[in-house]
Each structure stands twice: as C-alpha cells, then as structure tokens.
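User: Got a model open here and want a quick tour. Can you walk me through it?

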Amino acid sequence: GHFASVRNAEAVYNVRKKAAEFFGSENPENVVFLSNCTEAINIVLKGNLSKNDHLIISNLEHNAVARPSYKLGEKGVEISVFDAFNDDIEGELEKHLKNNTKMVFCTHASNVCGKVLPIEKIGKFCKKRGILFGVDAAQSAGLLPVNMKKYGIDFLCIAPHKGLFAPMGTGI
C-alpha cells in the first residue's frame, strides 16, 4: 500500500486499459500479462479443454498451437484440422463440426506463407453455434485490425514485442 506500489499498480492498469481499448475487449480486467504469447496459448487451450471435448485448428498453426493441441489429443481431446485456404471458410468449418466441439483456435496470420485468415467470419461462425473462439495474433497484433467484440473472439493471444514494439518477454 505504499506510494510506489500504488503508482505501479496504476501504471499496469493503464496499460491493461489501453490494450483492452485497442483490441476491443470489454473489460481491462480481462487483459492478462504473461511471459510470452506461447504461454497465453497454452493457458487458453489447457484451461478450457478437457477429455471428450473437440477442438478445431487450422492447417497453418505454429508449434505454439499445434504442440499443446496434440498433447491435449493424447489426453482425450478430439482434434480436427481445417483447410485455411478454402475460400468457403464457413463450409470448411462446418465439415469438422461435432456435437462436442468446444473451441476453434487458429492463427490470424501465418508467418510462413503470409495467409491472413478471415477471423471475423470464423468468429461469427463460432458465436452462432456457442463455440469458444481463440486467436493466435502473434504475427498480426498491431499490424492488422483486431477487434475482439466485433470479431467474436473469446481469447486473443498476443506477442507484444512484435507488432506493438513492447519489450521481449511479454505476452498478453
């Protein structure tokens, strides 16, 4: 409760508030600071999926998404992979939909081929069906528009040291 502690807490909250506003989150308290984007992805996937759930990911996922997804698969989470290059993204996702589908998690932009996924369409697809939607925005945050509320994103994982020019060793 000393002066420096209060000032530090206010500074942290102000950054949370700016991040929430910038990415269209409704509540600054929903902004969580972590050591990197990979940690954020792991927390989202491992914290929301359990045995007998179904997860849909894209065929463009970075190891930060692929590895924890397949580890969850070893523990009873069903994994389906959709084709991110299919122009009919809703039809592509529909092909993989199951009664136990709990989440769609995908990259926003691939750092390998440059493909930008239509996350607004994917988010609307998920919202209509009551499915959680997570986005790996490590390559896009700060470079491409991302609005969680408008795009129907439940979890946005960010590597701030990239497009936001934040210090290394930060994740949101």
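Analyst: Helices (H or I, at least four residues) and strands (E, at least two) are DSSP runs, numbered from the N terminus. Cys157, for one, lies in strand 5 (residues 155-157). This is a predicted model: local features need pLDDT of at least 70, side-chain atom pairs count only at pLDDT 80 or more, and totals for chains, interfaces and linings use all residues. Residues are numbered from 1 along each chain as its sequence is written, and side-chain values use heavy atoms, with hydrogens and water left out.

User: Is Cys157 buried or exposed?

Analyst: Cys157 is buried, with a relative accessible area of 1%. Buried means under 20%, exposed over 50%, partly exposed in between (1.4 Å probe, protein chains only).

User: Which residues does Cys157 touch?

Analyst: Leaving out residues up to four places away in sequence, Cys157 touches Cys37, Ala40, Ile41, Val44, Phe105, Val135, Asp136, Ala137, Ala138 and Ile172. Contact means heavy atoms within 4.5 Å.

User: How far apart are the C-alpha atoms of Cys157 and Val135?

Analyst: They are separated by 6.2 Å. Along the chain, Val135 and Cys157 are 22 residues apart.

User: What stands opposite Val135?

Analyst: Leu156 in strand 5 does. Strand 4 (residues 132-136) and strand 5 run parallel, joined by three bridges. Two strands pair if DSSP finds at least two bridges between them.

User: Switching to helix 4 and helix 5. At what angle do they pack?

Analyst: About 45 degrees, with the axes of helix 4 (residues 89-96) and helix 5 (residues 119-129) 9 Å apart. That makes helix 4 oblique to helix 5. Under 35 degrees counts as roughly parallel, over 145 as roughly antiparallel, 65 to 115 as roughly perpendicular and the rest as oblique.

User: Which residues meet there?

Analyst: From helix 4, Ile89, Glu90, Leu93 and Glu94. From helix 5, Lys121, Ile122, Phe125 and Arg129.

Methods:
Axes fitted to C-alpha atoms, helices over the stretch in contact; angles between N-to-C directions.
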